Amino acid sequence: MDSTPKSLRLQIALFGRTNVGKSSFLNLISGQDVAITSARPGTTTDVVEKTMELLPLGPVVFLDTAGIDDQTELGDLRIRKSRKVFNRADIAVILCEAGIWGTPEENLLAEAKEKNIPVVAVINKSDLCSPDSEFLERLKHAGIRSIVTVSSIRKERRETVLADFKRALIENCPEDFLAAPPLIGDLVRPGDLTVLIVPIDLQAPKGRLILPQVQTIRDALDHNTAVLTVKENDYARVLDRLKTPPALVVCDSQVVRRMVDETPPEIPCTTFSILFSRLKGDMRLMAQGTAAIDALREGDKVLIAEACSHHATNDDIGRVKIPRWLRNRIGDGVRIDVCAGRDYPEHFSEYKLAIHCGGCMLNRREVLSRLQTAAKAGVPVTNYGMCISSLQGVLERVLSPFPEALSAYREERNRLRSQ
């Protein structure tokens, strides 16, 4: 990602009055002293560019501009250069202070609307003055749907601010920059064979396959890869009859333990749900969140989030099996809430872990936004596939096709164990 050209990065422009704290905000987000800060107005004299990796959005470049109300000797020149940034910005971030919104901000907003650039408002210096409901309503009435409140000098709040800001960016990010990675296309080569293990149980829809299975088949075919689909009872026998081992084996999470036991260690394997953690969400974040399972204790509260509303069967994965496996591991005292469909809690502080479904019924933007809601509250989040694989003791094996995710899981697990 470091070598990604600026032209291919998401361009995020920071606008605002002099001394509103644009450079301080950039330093907070980047975790570095990128821009010079000073109480003296006009410190930023030219556009400051900072490239970085901002997961899950990927490579971005921040454009820190001079104050839009610069009254210094070179102010007019600086303002003209700042306005030129609109010609390259994908998202405009207008920084302001609580209660202060006037002609400079309205002009910025008007120019962004004219160029069809989405706007995020960042209310800075909340340590001095917090915005009241009337001011927030004023911004919303002006057409700004994403508002972040921050104090750029409170470095200890960086992770919370970063999660809130990333959620705002996701809500406004052009679709081109939210493009999902392939399901398996980068894991196999043309001519390879992929084996899919598909149980036919009470949850399997009569006469058809579920969406993740269908999408995986289509992605394999799109990448000129052959697909062999079997039930779990036939897998070992079929695998033994193959002259050439498959390049990849993918199974339903409910049979992951059996699949791992029957798959030679040299054959890469994973689950449909884990593939979807990358397709729809932030795989690295979810892998980190999975490490929190071992830290759960009796009395802790866990959220299970389903993206679709359906009638629960006797062996429902989210409402029956995962809760049972969690209680077998932790104890009957663990408390479990379930939300379904569009219902999703805004306040996460009561939870020690959130377990999300694969998200096949949601678009990538909504899944990423949900993950950032949990991250903002400091709550680890994982998904069904990673959770089940962890509870079955095979997570590292099924994460092995994804080295970065596996590394993130191990680092977080070791961190938690050292506490």
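User: Why is Cys357 called buried?
Analyst: Buried means under 20% relative accessible area, exposed means over 50%, and partly exposed is in between (1.4 Å probe, protein chains only). Cys357 has a relative accessible area of 13%, so it goes down as buried. Bear in mind that this is a predicted model: local features need pLDDT of at least 70, side-chain atom pairs count only at pLDDT 80 or more, and totals for chains, interfaces and linings use all residues. Residues are numbered from 1 along each chain as its sequence is written, and side-chain values use heavy atoms, with hydrogens and water left out.

User: What about Cys173: buried or exposed?
Analyst: Buried, because its relative accessibility is 3%. Cys173 sits in the loop between α5 and β7 (193-197). Those element names come from DSSP runs, numbered from the N terminus: helices are H or I with at least four residues, strands are E with at least two.

User: Which residues is Cys173 in contact with, leaving aside its neighbours within four places in sequence?
Analyst: Leu10, Leu57, Ile91, Leu178 and Arg365, where contact means heavy atoms within 4.5 Å. Take Leu10: Cys173 is 163 residues away from it in sequence, yet the C-alpha to C-alpha distance is 8.5 Å.

User: How many disulfides does the structure hold?
Analyst: The count is 0. To qualify, a pair of cysteine sulfur atoms has to be within 2.5 Å.

User: What makes the Phe25 and Phe165 pair edge-to-face?
Analyst: A pair of aromatic rings is described by the distance of the centres and the angle of the planes. Rings of Phe, Tyr and Trp (its six-membered ring) pair if their centres lie within 6.5 Å; planes under 30 degrees apart are stacked, over 60 edge-to-face, and the rest tilted. Phe25 and Phe165 come in at 5.1 Å centre to centre with 85° between the planes, and that gives an edge-to-face pair. Phe25 belongs to helix α1 (residues 22-30) and Phe165 to helix α5 (residues 158-172), so the pair ties together parts that are 140 residues apart in sequence.

User: And how accessible is Phe25? What about Phe165?
Analyst: Phe25 has 0% relative accessibility, so it counts as buried. Phe165 is also at 0% and counts as buried. Together with Phe62, Phe25 and Phe165 form one aromatic cluster.

User: Why is the Phe348 and Tyr351 pair classed as edge-to-face?
Analyst: The ring centres of Phe348 and Tyr351 are 6.0 Å apart and the planes stand at 65°, so the pair gets the edge-to-face label. Phe348 is buried at 1% relative accessibility, and Tyr351 is buried with a relative accessible area of 8%. A search of the whole structure turns up 5 aromatic pairs.

User: What makes α9 a mostly covered helix?
Analyst: In helix α9 (residues 272-280), 9 of 9 residues are buried. Among them are Phe272, Ile274, Arg278 and Lys280.

User: How do α10 and α13 pack?
Analyst: Helix α10 (residues 283-290) and helix α13 (residues 384-391) pack at about 35°, with axes 10 Å apart. Axes are lines fitted to C-alpha atoms, for helices over the stretch in contact, and angles run from 0 to 180 degrees between N-to-C directions.

User: What stands out in the backbone at Asn19? And at Asn224?
Analyst: Most residues other than glycine have a negative phi, and most peptide bonds are trans. Asn19 has a positive phi, near 65°; its place is the loop between β1 (10-16) and α1. Asn224 also has a positive phi, near 60°, and lies in the loop between α6 (211-222) and β8 (226-230). At 33% relative accessibility Asn19 is partly exposed, while Asn224, at 55%, is exposed.

User: Where is Pro56, and what is the peptide bond from Leu55 to Pro56?
Analyst: Pro56 is in the loop between β2 (48-54) and β3 (58-64). The bond from Leu55 to Pro56 is cis, with omega near 5°.
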